[in-house]
Amino acid sequence: AEEGGLRNNAYTNIMVVWALNRAFDLLELISEEVKEALIERIDLTEGEMDQWRKISRQLTVPFSEDGIIEQFEGYFDLKELDWERYQKKYGDIHRMDRILKAEGKSPNEYKVAKQADALMIFYLLSGKEIDAILTQLGYKPPADLLEKNFHYYLQRASHGSTLSRLVHACLACKIGEHELSWKLYLDAVRSDFMDIQGGSTKEGIHMGVMTGTALFVLSAFAGLNWVGGRLSLGPKLPSGWREIEFKLFFRKAEYSVIISSDVLRVKMEDEEERTILVHDREYAVQPGIWQEIQL
């Protein structure tokens with residue numbers, strides 16, 4: 001990582017630690033027989049695994065004094081951009097990189113991005129996972145880590161990537177900025193339909209964004225999560241939405257879920273009782289029976 005210049009790239013380093021941690025988790029889950037066969041097949045040595053452990057404890061995540069994760073080494077030394085002036089001059093500034101190049105400037109000299117890679121950490125991982133990784137690396141993350149970083153990078157992102165609005169919408173929802181979240185979500189939904197990038201839709205739709213807008217409803221509005229091995233729901237429907245209905249398979253069981261503003265109804269098809277979490281409270285779900293949970 002050091003030779004490749006990635007030692008102080010926050011997003012890369014945190015995801016490397018996450019991947020290495022999952023590798024060791026998998027080795028613990030499988031039987032000794034399967035583990036031995038796998039290690040022999042890929043020629044994995046104990047020395048390599050020791051190196052993985054060392055890397056997972058020593059990678060650097062650069063922080064500012066007030067808790068902002070530096071997008072990459074040297075980012076804080078870049079110039080600030082007068083966003084208000086550019087907004088007045090050009091109106092549409094989502095492709096700020098092209099605007100700066102047209103003016104004979106390099107976007108690499110400014111704190112500007114089509115989307116903030118540093119925020120992708122919070123989109124991909126839960127707050128608990130991020131805190132655990134940073135603690136593993138020897139840091140003490142502040143309680144408002146997501147809020148601080150969200151507002152910092154929101155001011156410096158042009159949303160030139162359609163994925164940017166979706167990511168920011170999800171994070172805004174996580175910190176309770178529901179009005180902003182809804183606005184960004186609608187922008188993401190309209191991105192291909194309204195061709196907001198001025199001609200890119202005819203070249204093909206942005207499948208990642210379209211899929212993401214559907215997943216957003218489940219993750220943000222239904223609060224669907226399965227970190228820790230149990231199905232968890234934390235519904236918070238936006239105003240004007242009457243109901244969400246969906247099905248999913250989790251650990252070989254089929255769940256049917258209907259969420260309204262004040263009631264969650266769930267039915268599970270399996271041979272035995274399961275437990276789920278709703279707003280961090282545990283509920284037992286019997287097979288084949290609709291259960292109502294007051295929200």
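Mentor: Let us begin with His279, which lies in the loop between strand 5 (274-278) and strand 6. Helices (H or I, at least four residues) and strands (E, at least two) are DSSP runs, numbered from the N terminus. This is a predicted model, in which local features need pLDDT of at least 70 and side-chain atom pairs count only at pLDDT 80 or more, while totals for chains, interfaces and linings use all residues. Residues are numbered from 1 along each chain as its sequence is written, and side-chain values use heavy atoms, with hydrogens and water left out.

His279 has a positive phi of about 50°, although it is not a glycine. With a relative accessible area of 42%, His279 is partly exposed, a term for values between buried (under 20%) and exposed (over 50%), found with a 1.4 Å probe on protein chains only. Lys252 is another residue that has a positive phi without being a glycine, here about 70°. Its place is the loop between strand 2 (243-250) and strand 3 (253-260), and at 82% relative accessibility Lys252 counts as exposed.

Gln286 belongs to the loop between strand 6 (281-285) and strand 7 (291-294). Its relative accessible area is 36%, which makes Gln286 partly exposed. Apart from neighbours within four places in sequence, Gln286 is in contact (heavy atoms within 4.5 Å) with Met268, Glu273 and Gln291.

For the setting, the chain has eleven helices and seven strands. Its C-alpha trace spans about 65 × 55 × 40 Å along its principal axes, and 42% of its 295 residues count as buried. Among contacts between residues at least 6 apart in sequence, 54% join residues at least 24 apart.

As background, rolling a probe the size of a water molecule over the atoms shows where empty space is left. On a 1 Å grid over the protein atoms alone, a cavity is a set of points where a 1.4 Å probe fits but cannot get out, whereas a pocket is an open set with protein on both sides within 12 Å along at least five of seven lines. The largest pocket has a volume of about 1,600 Å³, a volume being the space filled by probe spheres set on grid points, which are joined across faces, edges and corners. It is lined by 38 residues, and those closest to its centre are Leu125, Ser126, Gly127, Lys174 and Asn225; a lining residue has an atom within 4 Å of a point.

Which elements give two or more residues to this lining? They are helix 6 (117-124), helix 7 (127-136), helix 8, helix 9, helix 11 (207-221) and strand 1 (232-233). Helix 11 supplies the largest share, six residues. By type, the lining divides into 21 nonpolar, nine polar and eight charged residues, where Ala, Val, Leu, Ile, Met, Phe, Trp, Tyr, Cys and Pro count as nonpolar, Asp, Glu, Lys and Arg as charged, and the others, Gly among them, as polar.

Two of these elements, helix 8 (residues 145-154) and helix 9 (residues 162-174), pack at an angle of about 140°, with their axes 10 Å apart. Here axes are lines fitted to C-alpha atoms, for helices over the stretch in contact, and angles run from 0 to 180 degrees between N-to-C directions. The contact is made by Leu146, Phe150 and Leu154 of helix 8 together with His168, Leu171, Ala172 and Lys174 of helix 9. Five of these residues are nonpolar, one is polar and one is charged.

Helix 9 is largely enclosed by the rest of the structure, because eleven of its 13 residues are buried. Among the buried ones are His168, Leu171 and Ala172. After helix 9 comes Gly176, whose phi is positive, near 85°.

Ala220 lies in helix 11 and is buried, with a relative accessible area of 5%. Beyond its neighbours within four places in sequence, Ala220 is in contact with Cys173 and Lys236. Ile130, in helix 7, is buried at a relative accessible area of 1%. Not counting residues up to four places away in sequence, Ile130 touches Ile121, Phe122, Leu125 and Leu145.
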